[in-house]
Amino acid sequence: MDLFHFDWKTVPFRMIAFVIAFSLHEWAHAFVAWKLGDNTAKNEGRLTINPIPHIDPFGLILILFGPFGWAKPVPINPLQFRGNKRLGIVYVSAAGPLINLVLAILFCIIYILTRYYGVMDGMSEKAAFALKTTLEYCVFINVGLFVFNLLPVPPLDGYKILRFLSPRRWDGAFYNFEIYGPWLLLLLIFIPGVSSTIFGIPMGLMVMWVQEVAGSIISVFI
C-alpha cells in the first residue's frame with residue numbers, strides 16, 4: 001500500500017486514519033509531559049484526543065496528498081520535569097511513536113478478527129470497502145508514523161531520543177546538526193531511492209512484525 005499518493009477513493013479513509021494516528025501521537029507527548037510535572041501542554045488544551053487542537057491545516061493537507069506532513073508540535077517545558085530533565089525529554093519524545101506502534105497492533109488485531117468472523121461478508125460492497133480500507137490505513141499509517149518519527153533527524157522524535165541519551169559533551173555537535181536537520185529531512189524524503197531505503201524497507205519489516213504480534217495475541221484467545 002502506497003501511503004503517500006493522491007487517490008480520491010481513499011481520501012476519507014486516509015483522513016480517518018491520519019486523524020486517529022496524529023491525535024493519539026500528540027496526546028501521548030502531552031500526557032507523559034504532564035505526568036512528569038509539566039503542565040504546559042495541558043494549559044494549552046493539548047492534553048486531549050480531540051484532533052482539533054492538534055491539527056495543522058497545511059500539514060494535514062500535505063500528509064493526505066503529498067509525501068509528508070505534520071501536526072502541531074506539543075509544547076513542553078523540560079525545566080518543569082521532575083527528576084532527570086534529559087531523560088524526561090526522551091520519555092516524552094518516545095511516547096508518540098510508541099502509541100502509534102500500539103495503535104498499529106490494535107488495528108491489525110481488529111482487521112484480522114473482522115476477516116476471521118466474516119464481519120464484512122454481510123455488508124454491502126461499499127461498506128465492506130470502507131471498513132477494510134480504513135482498517136488497512138490505520139495499520140499502515142501508524143506503522144509509518146512510528147518508523148518515520150524514529151529517524152534520528154531533527155526535528156523528529158528519534159533525533160531528540162538520540163540527542164538526550166548522548167553525553168552532554170556532544171551537545172555542541174547536535175546543536176550544529178539541528179541547523180541543517182530540516183533540509184536533510186527534505187532530501188531524504190525527495191531523493192529517489194533514498195526514502196524507499198531508509199523508510200520503505202524498515203516500514204515493510206515493521207508491518208510484518210506487527211502482523212506477527214497481532215496474530216500471536218489473537219491465537220491466545222482463539
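Which side chain makes a polar contact with the side chain of R86? The side chain of D171 does, at 3.2 Å. The notes below start from that pair. The model is predicted.

1. **The R86 and D171 pair.** The contact also counts as a salt bridge, with N to O at 3.2 Å. The pair links distant parts of the chain. R86 sits in helix α4 (residues 85-116) and D171 in helix α7 (residues 171-190). The two residues are 85 apart.

2. **Cover at that pair.** R86 is buried, at 10% relative accessible area. D171 is buried too, at 19% relative accessibility. The cut-off is under 20%, so D171 at 19% falls on the buried side.

3. **Start of α4.** R86 belongs to helix α4. Its backbone is also contacted: a side-chain oxygen of N84 comes within 2.9 Å of the backbone nitrogen of R86, at the start of α4. Check both the side chain of R86, which meets D171, and its backbone nitrogen, which N84 reaches.

4. **Course of α4.** The helix has 32 residues. At 1.5 Å a residue they should span 46 Å, and the end C-alpha atoms lie 47 Å apart, which agrees. The helix still bends, by about 30° at A95. A proline, P97, follows within four residues of the bend.

5. **End of α4.** G118 comes just after the helix. Its phi is positive, about 65°.

6. **Salt bridges overall.** How many salt bridges does the structure hold? There are three. R86 with D171 is one of them. The other pairs are K132 with E136 and E178 with R163.

7. **K132 and E136.** The closest N and O atoms of this bridge are 2.7 Å apart. Both residues are in helix α5, four residues apart, so about one helical turn separates them. K132 is partly exposed, at 31% relative accessibility. E136 is buried, at 17% relative accessible area.

8. **E178 and R163.** Here the closest N and O atoms are 2.4 Å apart. E178 lies in helix α7 and R163 in helix α6 (residues 157-165), so the bridge ties together parts 15 residues apart in sequence. E178 is partly exposed, at 28% relative accessible area. R163 is buried, at 14% relative accessibility.

9. **Helix α7.** D171 of α7 pairs with R86 of α4. E178 of α7 pairs with R163 of α6.

10. **Helix α5.** This helix covers residues 125-149, 25 residues in total. From first C-alpha to last it reaches 35 Å, close to the 36 Å expected at 1.5 Å a residue. Is α5 mostly covered or mostly uncovered? It is mostly covered, with 18 of its 25 residues buried.

11. **A nonpolar surface patch.** The patch has an area of about 860 Å². Its members are Y116, Y117, V119, M123, I217, V220, F221 and I222. Helix α8 (residues 194-221) gives the largest share, three residues. F221 lies in α8. At 71% relative accessibility, F221 is exposed.

Conventions
Residues are numbered from 1 along each chain as its sequence is written. This is a predicted model: local features need pLDDT of at least 70, side-chain atom pairs count only at pLDDT 80 or more; totals for chains, interfaces and linings use all residues. Side-chain values use heavy atoms; hydrogens and water are left out. The expected span of a helix is 1.5 Å times one less than its number of residues. Buried means under 20% relative accessible area, exposed over 50%, partly exposed in between (1.4 Å probe, protein chains only). A salt bridge is a side-chain nitrogen of Lys or Arg within 4 Å of a carboxyl oxygen of Asp or Glu. Patches are made of residues with over 30% relative accessible area and no salt bridge: like charges are joined within 9 Å, nonpolar side chains (Val, Leu, Ile, Met, Phe, Trp, Tyr) within 5 Å. Accessible areas come from the Shrake-Rupley method with a 1.4 Å probe; for residues, only the protein chains shown count as cover. The bend at a residue is the angle between axes fitted to the seven residues ending there and the seven starting there. A polar contact is a pair of N or O atoms within 3.5 Å; within protein, one must be able to donate a hydrogen and the other to accept it, and residues adjacent in sequence count only if both atoms are side-chain atoms.
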